[in-house]
Amino acid sequence: MTGRLRMAVAAAFATTLTSSSLLPLVHGGSWIAKALGAILLVAATGEAVRRMAVPRPFIGTIQLVVLIPYLLLVLVPGESGPLPTPASIRAYGDLLHAGGVDIRGFAPPAPATPGIAAILVTVVATVAVLVDTVAVTYAQAAPAGLPLLALYSVPAALAESGLGWTVFLLSGLAYVVLLLAEGRERLLRWGRPLAPAGAQASRTSMQRPWARGGGRIALATLAVAVLIPAVVPMTANRLVDRDNGDGSDRITTINPVVTLKNELNNPQNAQLLTYTTNAPQPNTFYLRIAALDTFDGNSWQPSEQPLTKVTTPLPAPVGLTPGVKADRVVSEIRAGKNYPQNSLPLPWAASEVKVKGRWRYENEGRLLLGDNKQTVAGQRYDVVSLDVKPTEEQLRNAGPVPPELNRYKEVPPELRYSLSTKTKEKAGVGSPFEQAARLQKWFAESGEFRYDTKIPAGNGANAIDNFMDQKVGYCEQFASTMAIMARILGIPSRVAVGFVPGTQQADGSYKVGSRDAHAWPELYFAGTGWVRFEPTPSRGTGPAYTQNVPTAVPTTQAPSTAPSTTAPSAAPRPTQCRLDECDSAKPSASAAPAKSDDGGGWLTGTLIGAGVTLVVLLILAAPMLARRHVRQRRLGALSRDVADGGGGRDPGDAVLGAWTETLDTARDLGVRIEPSETPRQLAARLAEEFPTDGVYFSEALERIALAAEQVLYAPEAPQRTMGLAEDVRTARTAMLAASPRGTRFRATFLPASTFRRRDDGPLDRLRSGRRLDADGDAGNGTDDRERETSGV
Amino acid sequence: MSTFNDQAGLKELVATATRIRGAMESVIEGKPEVVRLALTVLLAEGHLLVEDVPGVGKTMLAKSLARSVDCSVRRVQFTPDLLPSDITGVSVYDQERREFEFKPGAIFANIVVGDEINRASPKTQSALLECMAERQVTVDGTTYELQSPFMVIATQNPVEMEGTYPLPEAQRDRFMARVSMGYPSPEAELEMLGVHGTGSPLDSLDPVADARDIVKLIEAVREVHVSPGVARYAVDLVNATRNSAELRLGASPRATLHLIRAARAAAALDNRNYVLPDDLQALAVPVLAHRLLPTAEAQMSRRSVEQVVLDLVRLVPVPGGQDGRPQQQAAARPAPAPVPNPVRAAAPAPRQPTMQAPQPGYAAQPGYGGHPAPYAQPQQHQPQQQPYPDQSGHYGGAPTGPFYGNGHGPAR
């Protein structure tokens, strides 16, 4: 086994070991075999290509190019076979995109959906190429740890509990294997180690002293790295755990609004929750998992709130007075096993929750948060909630808001400046509730706004500005904009995240999928507390108390009736429409420039595919084209000299071009040309290395070499270049004919001479010893002399 | 431009040289490359050191060359009791005329064959120093020019070391080339039996050229063009010997000079009026190897000086061989004046260090043509010599007197 092959095996092994860090992220699956196949393919391709003495920058590219058919074949087998076609590439892209959606939809460990598997295989294959390139092609094992580290650290950051020590050990071992292989390779370059007479039998590398020492150090380091964290209390979590037996004061939750768009676009619509409820109006049975109460200009965030023990019943809702009617609703909710949410989805104003596990209560948002990695996955819990039903009058006549809620009124100044005119225009005058209801109507029913989940996610100032500009968005933008506008009007507001009511099943239960994810604004009115609004068109149901609010602003009158005829989906309906149906139903759909209809998409895809293919082909063909250009230039110089008798040019240039061209052809065919070889030696050697039947080849070679020799060393350059071009062609044909097919192919497509570095170091100065003389008199003296010669 | 004359001179040269070679090869069978080298050295105004085991025809080579050219030939058998004055000549007192009269020594000839040169004492060997480098003899304060052509062909036996005095570095540096005969092939040996069985082939050897012819040839050789790139290549080659880790003593600037001169002669013998790097490569071992001293490490790893030189030849890049560079042909254009040879302008050679330990035997046989001799002699055949403590002092044996010239230009 050569050292390079050993390195290639070590690199493949290291990538395989480090890939094990991906295992805790997904539940098994067939992707492992595909990823291993990709690693093997990369290693084999690399070794094969390196044997052909291809220039180093191209090896990695070739590996990537070989990977493409493999990935297409393995991941989208139904499409087109191994050849990349626009269809298969699009299918592959879709698969990756679906994988991205899946990844955002599932917390680890996720099921190995085809998309996730595709991403994993692609990532592993790419890392394999990187590791192989760095460690084997460029023979630098240590930096090859970087791609491995990247492969390790992403799962390490994602896995909730961190990766286990076994995975760490395997990944560390992978790096050690790589380093040991390189160390062995480097040491063996010095020769065979001297071994005592008795040690003849020990032939494996691990038994050699140096390897033993290095291996011991590496294993000891790994062991220390694994053992020390186990015995030393290091992380803050651990300390907190010990101090507080009841549970955490603070729980870091992932802001659910971040993943909202992906959940909405999730093509699979994974089923997350089912529930049964006795609510009289099931279409207002929203489930909440977060309340985002802080807006910093960039995004809505949940603020840190104190957590308390879960009591039964829970504290009364903030601001709710007994005068407001509230129905008691009993529900039973079951969460799917694939829904590792650490906030318990609850209907608004839950008062009693019967749930197992470690949960903590947050009063401000009325949320139950899982402590110590408690999630809702697989839970089944009963909730008693108050379906608060304030009347219009109660809300309209709501008193001033208590000052402790002032933090719910904060708006960044620039946003207040840019939005207040519009807000006041659309909200009109009247009580805060009337203003809010008009805003809701403007958003949901005026028809000015279009629901589209394909726009970039975001709820910050920029997103709101864009939203007000384009009037296209989804619940995230609708909710956050309305919440901001409410704040501008002086109404405390926040954005709640959760789910719209699910779809009723045959057995009477409701099913909630990931596409039911939703965000909506909650506004605070004294006497009633937090009240839900629904500004998003075509989603959810507007609350009953906002249905009959008259609109005082005349401008909003006309559009408010328009949607009811042109956009039926904009009317509040208990059932949800599918997203694409909503889109197609919109009259304004065609106006959107970014909108991609089917025909255009196909054409664009084809064009992009063709363009990419063209660029790849051009890149691959660039060396060949460059080589061909150089050859034509040289041969052209030869024939030009014949045509116009030199034309004032030095025929020596053309002759040397012929010689260099012949040598470059030989280089392309894998002949190594030493700098200490003279033209006639080279001519003799080339004639030997490319045996031909006739003598034409060797004679042509000799003629070229002799001419070059005269140009280089004789006092007078040969004045004729006649026939040299033909000789060059003869030599090239003969050399190509005498080479095996593979060599010929390489000479054509990857000509080594194109990649040859031009020597310009001390060596070059040494070689061009006459340069000083040439510089000295080449300026005008030479020209004068030539003119004289031609005059005679 | 004397291109036409050059060509004519070259043709004449080749014709004459072919005749001489033919004559010599009728005596020395199966050794065309040795004969060629001898002729090259003659045309390059150098001196030849023939070194080999006894009985392979060293003396025969020297004598055949001398006999082929109709010129004065003297033969000196070097013995331990040979005195410097035997070589240079002596002033004797003429009682009748009451003045000293100079009796020329053996050196006053066109071709001097010095047989077994290492048998003479260093004092006597050193008597040759001035003669060889400056082509003049100084006796009792009077300098006598030597005739042209002048060539010393010395032979020595590297194996039998009893009672010999290895040549000092300074002496060896004055030889342009060292050649070893090597055993003849079986066929050549058989042929030799047939010819030599009846009588000495030297007897039937008639001169095919005379001294004036040779002088003309030498003039023609001097006209051979050395492009600056090739000159640079020669300097690089010699420089490489000075920088090699395996060589204790590199070649002198005189070696560069000799290399270029020999290459000119070789090119002329090839009917070429310009020198190729090939000429330098082929001559590198014969011209350079005998001047170099290997380091102890190289000796211990049994690398002969010849191998080291060959490796250097393989390392030093040839000017423009692989890459036709535009700037490299600037000097290839017709030059208005004889191309200045940068080597001739080289700094005067420092006196060669003479304190070096004598070369411990001649491990391998140099072969002409850049290939190690096929029968490299095992090192253990030569008993390791003790340095001769009194050797460095023997420059006193050299003729003293006014020091004319700097000793580096060819005597013209």
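User: Which residues of α10(B) do Ala231(B), Ala234(B), Val235(B) and Val238(B) in α9(B) meet?
Analyst: In this predicted model, the contact of α9(B) with α10(B) comprises seven nonpolar, one polar and no charged residues. On the α9(B) side stand Ala231(B), Ala234(B), Val235(B) and Val238(B). Their partners in α10(B) are Ala255(B), Thr256(B), Leu259(B) and Ile260(B).

User: Are α9(B) and α10(B) parallel, antiparallel, perpendicular or oblique to one another?
Analyst: Helix α10 spans residues 253-269 of chain B, and its axis lies 10 Å from that of α9(B). The two helices pack at an angle of about 135°, and their crossing is right-handed. An angle over 145 degrees would count as roughly antiparallel, and 65 to 115 as roughly perpendicular. The angle of about 135° therefore makes the arrangement of α9(B) and α10(B) oblique.

User: Which elements of chain B do the buried residues of α13(B) pack against?
Analyst: Helix α13 covers residues 305-315 of chain B, and its buried residues are Val305(B), Glu306(B), Gln307(B), Val308(B), Val309(B), Leu312(B) and Val313(B). In chain B, these buried residues pack against α9 (228-243), β12 (247-249), α11 (277-288), β13 (293-294) and α12 (296-300).

User: How many contacts beyond near neighbours in sequence does the model have for residues 324-412 of chain B?
Analyst: Chain B has a mean pLDDT of 75, with 75% of its residues at 70 or more. Residues 1-5 of chain B stay under 50 and have one contact beyond four places in sequence. Over residues 324-412 of chain B the pLDDT is also below 50. For that stretch, the number of contacts beyond near neighbours in sequence is 194.

User: What ipTM does the predictor give the complex?
Analyst: The predictor assigns the complex a pTM of 0.49. Its ipTM for the complex is 0.70.

Note on methods:
Residues are numbered from 1 along each chain as its sequence is written. Chains are lettered from A and ligands numbered from 1 in the order in which they are written. This is a predicted model: local features need pLDDT of at least 70, side-chain atom pairs count only at pLDDT 80 or more; totals for chains, interfaces and linings use all residues. A residue is buried if 20 or more other C-beta atoms lie within 10 Å of its own, exposed if 12 or fewer, and partly exposed in between; C-beta atoms are placed from the backbone. Helices (H or I, at least four residues) and strands (E, at least two) are DSSP runs, numbered from the N terminus. Two residues are in contact if their C-beta atoms, placed from the backbone, lie within 7 Å. pLDDT is the predictor's confidence in each residue, from 0 to 100. Axes are lines fitted to C-alpha atoms, for helices over the stretch in contact, and angles run from 0 to 180 degrees between N-to-C directions. Angles under 35 degrees count as roughly parallel, over 145 as roughly antiparallel, 65 to 115 as roughly perpendicular and the rest as oblique. A crossing is left-handed if the near helix is turned anticlockwise from the far one by less than a right angle, and right-handed if clockwise. Ala, Val, Leu, Ile, Met, Phe, Trp, Tyr, Cys and Pro count as nonpolar, Asp, Glu, Lys and Arg as charged, and the others, Gly among them, as polar.
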